[in-house]
Amino acid sequence: MNKISIVIGGFLLMTLNSIGQSQKNFEGEIIYQFDFISKMPKVDSKMIKNIVGSGSTLSFKQGNYRHDYDGGIVEFDIYNKEDNKAYFKKRNNDTIYWSDCSLPGNKIKNFKFASKKETILGIDCDQLIIEYEKKSEIHYYNSDSIITNPAWFKNFKTNGENLIDEKEKSIFLKSESDFDGFTMISIADKISRHKIDEKIFKIPANSILVLEE
């Protein structure tokens, strides 16, 4: 093989490897539907849905994500890995609240794992139960199909998010979250793989930013 062939062959191999790596990690949108189980006698799931919303659209790209909510008080929330901050905006309000994701938050007490526990959109999902001191979350995910790089979240320490992502290496397709007055169930209704414009993860320079307390 002559030198030109070696150079072309090497360049082609690097290009194919680069394409393969870019296709490996998930980029696109996941649409979720919400359901609620009330723990309060005088509050039904419809009332909770009016406050929280009926669903959300997750946009995800290289560790940055954004949820746009279908109804409810919150219009959107964003995580930007470059500044390691989470932002959220209430509907009909110009103020954007932010929090520092390097702060610990609730500490995880224990993980419980079960393989191929549920099938969602035809995808076999493992189960991870995340136990905190006063609440728990259950995630259903497939780290061979909806893949993420846990290194993207190494600095996201709030509520042990970095530890969760290290175990799951994926975006969950279903979650069950316990709160004081209700349980929230979020389940994927549609998955779409396509390029995401990074601009949607940027906070406009003229935004009114307030630290969340």
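**View 1. The β3–β4 hairpin of the predicted model.** Strand β3 (residues 64–70) runs antiparallel to β4, and 4 bridges join the two. One of the residue pairs is Arg-66 with Ile-78, its bridge partner in β4. The hairpin has 3 residues between its strands, and Gly-71 in the turn has a positive phi of about 80°.

**View 2. Strand β4 and its hairpin with β5.** Strand β4 spans residues 74–80 and is mostly covered, with 5 of its 7 residues buried. To strand β5 (residues 85–90) β4 is joined by 6 bridges, and this pair runs antiparallel. Val-74 has Lys-90 as its bridge partner in β5. Between β4 and β5 lie 4 residues; Asn-84 in this turn has a positive phi of about 55°.

**View 3. The open sheet of 12 strands.** The edges are formed by β7 (108–120) and β12 (208–211), each of which pairs on one side only. On average, neighbouring strands of the sheet are turned by 20° against each other, direction ignored.

**View 4. Strands β8 and β9 with helix α3.** Strand β8 (residues 123–132) and β9 run antiparallel and are joined by 6 bridges. Within this pairing, Asp-126 has Tyr-141 as its bridge partner in β9. Helix α3 packs on the sheet, where α3 touches β7, β8 and β9. The direction of α3 makes about 150° with that of β8.

**View 5. Helix α2 across the sheet strands β1, β3 and β11.** Helix α2 covers residues 45–52 and lies across β1 (28–38), β3 and β11 (182–193). Relative to β1, α2 runs at about 140°.

View 6. The C-alpha atoms of Asp-144 and Ile-123 are separated by 9.8 Å, and the two residues are 21 residues apart along the chain.

How values were computed
Residues numbered from 1 in each chain as written. Predicted model: local features only at pLDDT ≥ 70, side-chain atom pairs only at ≥ 80, totals over all residues. Heavy atoms only, no water. Buried < 20%, exposed > 50% of the residue type's maximum accessible area, 1.4 Å probe, protein only. Pairing = 2+ DSSP bridges. Axes fitted to C-alpha atoms, helices over the stretch in contact; angles between N-to-C directions. Contact = heavy atoms within 4.5 Å.
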